[in-house]
Amino acid sequence: MSKQAQPKPAFDPAVSFYSPKEEAPRVRAIKEAAQLLAEQVIEQTPEGADRMLALRSIEDAVLRSQLAITRQDAEKEVADQRDAEERKKRNAA
């Protein structure tokens, strides 16, 4: 009996939740937790549409979390810029 190569999984947590080194620690923590959850879903559930939906839901949660963090960081940066401009105007007066 010859061994056949395993087909590549449709969902690979290591790829879906990959974190580049320069990524924000908050995002990295979320991705690491999501990867652990996704691995458990793969181990504990049968293949099929429900498993794939569960995995895609985890992926969606990670993406929405990243978006929330990015928006928060952007709002803080814009507020800081506005505060700096206001201080500059007050000092010039």
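**View 1. Contacts and composition of the whole chain.** Of the contacts in the protein with a separation of 6 or more, 54% join residues 24 or more positions apart, where contact means heavy atoms within 4.5 Å. The model is predicted, so that local features need pLDDT of at least 70 and side-chain atom pairs count only at pLDDT 80 or more, while totals for chains, interfaces and linings use all residues. Residues are numbered from 1 along each chain as its sequence is written, and side-chain values use heavy atoms, with hydrogens and water left out. The secondary structure comes to 3 helices and 0 strands, in the order α-α-α along the sequence; helices (H or I, at least four residues) and strands (E, at least two) are DSSP runs numbered from the N terminus. The protein exposes about 7,700 Å², of which carbon and sulfur atoms supply 54%, as given by the Shrake-Rupley method with a 1.4 Å probe, only the protein chains shown counting as cover for residues.

**View 2. The pairing of helix 2 with helix 3.** The axes of helix 2 (residues 25–44) and helix 3 (residues 49–92) come within 10 Å and cross at roughly 175°; these axes are lines fitted to C-alpha atoms over the stretch in contact, and angles run from 0 to 180 degrees between N-to-C directions. The two helices are therefore roughly antiparallel to each other, a term used for angles over 145 degrees. The residues of this contact divide into 12 nonpolar, 3 polar and 4 charged, with Ala, Val, Leu, Ile, Met, Phe, Trp, Tyr, Cys and Pro taken as nonpolar, Asp, Glu, Lys and Arg as charged, and the others, Gly among them, as polar.

**View 3. The largest nonpolar core.** This core has 6 residues, namely Ala34, Ala38, Val41, Leu55, Ile58 and Val62, and the elements that give two or more residues to the core are helix 2 and helix 3. A nonpolar core is a set of buried Ala, Val, Leu, Ile, Met, Phe, Trp, Tyr and Cys residues joined through side-chain atoms within 4.5 Å. Buried residues, those under 20% relative accessible area (1.4 Å probe, protein chains only), make up 16% of the 93 residues.

View 4. Ile30 is found in helix 2 and is partly exposed, with a relative accessible area of 30%, partly exposed being the range between buried and exposed, the latter over 50%. Leaving aside residues up to four places away in sequence, Ile30 touches Val62, Ser65 and Ile69. The C-alpha atoms of Ile30 and Val62 are separated by 6.7 Å, although the two residues lie 32 residues apart along the chain.

Notes
Parallel < 35°, antiparallel > 145°, perpendicular 65-115°, else oblique.
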